Amino acid sequence: MSSLSILCLILFFILLPHTILSKLEPVEALLNRLDSKLSSSSVQESAAKAVLQRLLPTHVHSFDFKIVSKDVCGGQSCFLIDNNKRSIQNDPEIMIRGTTGVEITSGLHWYIKYWCGAHVSWDKTGGIQIASVPSPGSLPLVKDEGVRIQRPVPWNYYQNVVTSSCKYYSHYMSNLATSDMETNMKNLVVRGSTLPLDSYVWWDWEKWEKEIDWMALQGINLPLAFTGQESIWQKVFMNFNISKEDLNDFFGGPSFLAWARMGNLHG
Ligand SMILES: *[C@@H]1O[C@H](CO)[C@@H](O)[C@H](O)[C@H]1NC(C)=O
């Protein structure tokens, strides 16, 4: 091996860790910036309590929730489940600590799933099945040293652009033979309201709240937030003196927002 290639090899190993580190730095910086924007501990704790209240109103006093610093898990996001030290009978049985509100709700879901055999799904895939959760006062204990689950990656991402306005449509279409497609597409478009029934764009708050609760319980901390996207674009384009009327023609209608956002519409 020539001395030049040895030199290159040495340089490679000296520079490698530096390259990896400099790639991680922006992620660290982003995480720190996001952490600095978190709501106060009490707001996050009561948001998690509100999820419990909607999911298992009978057990609102069975759990204690507490936000803890990331130092508890060596700087990472995590949740911890412990048997609560009860001094009186009505004290909460289970203590769930987490580095954010979403960590706490994922801890709650972890507990009712793995200790109580519960299942929390979307309505169409079984819905909320919590009948197996024992009554308050009889909740199963976790092991003495508690449970500690650390998030292996910073973000759990959910959704894609078509879920905002084409979910029902694409699901329905994928089950049809190509020859049936045109007829069905015509029917669906004619019957307008049938087409996007299951798309976010038609959801009311009640449905959103249930979905957001589901996300929180599954530990999702990076959902797409497309709602209102066109309003931002409208502001930007209007700064370039494009009229509101022209923009109204340009943006897709509610059922077709996803396609319009992806630039798939012409006309
Ligand atoms: C928009 O119109 C205003 C008024 O005519 C003009 O001053 C400005 O430069 C225009 N902006 C752009 C981006 O063309």
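**Close-up views of a predicted model**

**View 1. The buried residues of helix 2 pack against strand 1 (63-67), helix 3, strand 5 (128-129) and helix 6.** Packing here means contact, with C-beta atoms, placed from the backbone, within 7 Å. Helices (H or I, at least four residues) and strands (E, at least two) are DSSP runs, numbered from the N terminus. The model is predicted: local features need pLDDT of at least 70 and side-chain atom pairs count only at pLDDT 80 or more, while totals for chains, interfaces and linings use all residues. Residue numbers start from 1 along each chain as its sequence is written. The buried residues of helix 2 are Q44, A48, V51, L52 and L55. These residues cover an arc of only 100° around the axis, so they sit on the same side of helix 2. A residue is buried if 20 or more other C-beta atoms lie within 10 Å of its own, exposed if 12 or fewer, and partly exposed in between. The arc is that of the directions from the helix axis to the C-beta atoms. On the face of helix 2 turned away from the buried side, S42, V43 and Q53 are exposed. Helix 2 has 15 residues, which should span 21 Å at 1.5 Å a residue, and its end C-alpha atoms agree with this at 21 Å apart. The expected span is 1.5 Å times one less than the number of residues.

**View 2. Helix 6 has buried residues along one face of the helix.** The buried residues of helix 6 are W214, A216 and L217. Seen down the axis of helix 6, these buried residues fall within an arc of 165°. They pack against helix 2 (41-55), helix 3 and strand 4 (119-120). W205 and W208, on the other side of helix 6, are exposed. From its first C-alpha to its last, helix 6 reaches 20 Å with 14 residues, close to the 20 Å expected at 1.5 Å a residue.

**View 3. Helix 3 and helix 6 are roughly perpendicular to each other.** Two packed helices are described by the angle between their axes and the distance between the axes. For helix 3 (residues 101-114) and helix 6 (residues 205-218), the axes come within 6 Å and cross at roughly 80°. Axes are lines fitted to C-alpha atoms, for helices over the stretch in contact, with angles from 0 to 180 degrees between N-to-C directions. Angles under 35 degrees count as roughly parallel, over 145 as roughly antiparallel, 65 to 115 as roughly perpendicular and the rest as oblique. Helix 3 contributes V102, T105, S106, L108 and H109, which meet A216, L217 and Q218 in helix 6. The residues of this contact divide into four nonpolar, four polar and no charged. Ala, Val, Leu, Ile, Met, Phe, Trp, Tyr, Cys and Pro count as nonpolar, Asp, Glu, Lys and Arg as charged, and the others, Gly among them, as polar.

**View 4. F79 lies in strand 2 (residues 78-83).** F79 counts as buried because 29 C-beta neighbours are inside 10 Å. Apart from neighbours within four places in sequence, F79 is in contact with I96, R97, G98, E103, I104, S106, G107 and I149. F79 and R151 are 72 residues apart along the chain, and their C-alpha atoms are separated by 8.4 Å.

**View 5. Y200 lies in the loop between helix 5 (178-190) and helix 6.** Y200 counts as buried, since 20 C-beta neighbours are inside 10 Å. Not counting residues up to four places away in sequence, Y200 touches T163, S164 and S165. Between Y200 and P254 there are 54 residues in sequence and 9.9 Å in space, C-alpha to C-alpha.

**View 6. Q159 and N241 have a positive phi without being glycine.** Most residues other than glycine have a negative phi. Q159 has a phi near 85° and is found in the loop between strand 7 (157-158) and helix 4 (167-174). With 17 C-beta neighbours inside 10 Å, Q159 is partly exposed. N241 has a phi of about 65° and is found in the loop between helix 7 (229-239) and helix 8 (244-250). N241 is exposed, with 6 other C-beta atoms within 10 Å.

View 7. Of its 267 residues, 19% are buried. Among contacts between residues at least 6 apart in sequence, 65% join residues at least 24 apart.

Methods. Two residues are in contact if their C-beta atoms, placed from the backbone, lie within 7 Å.
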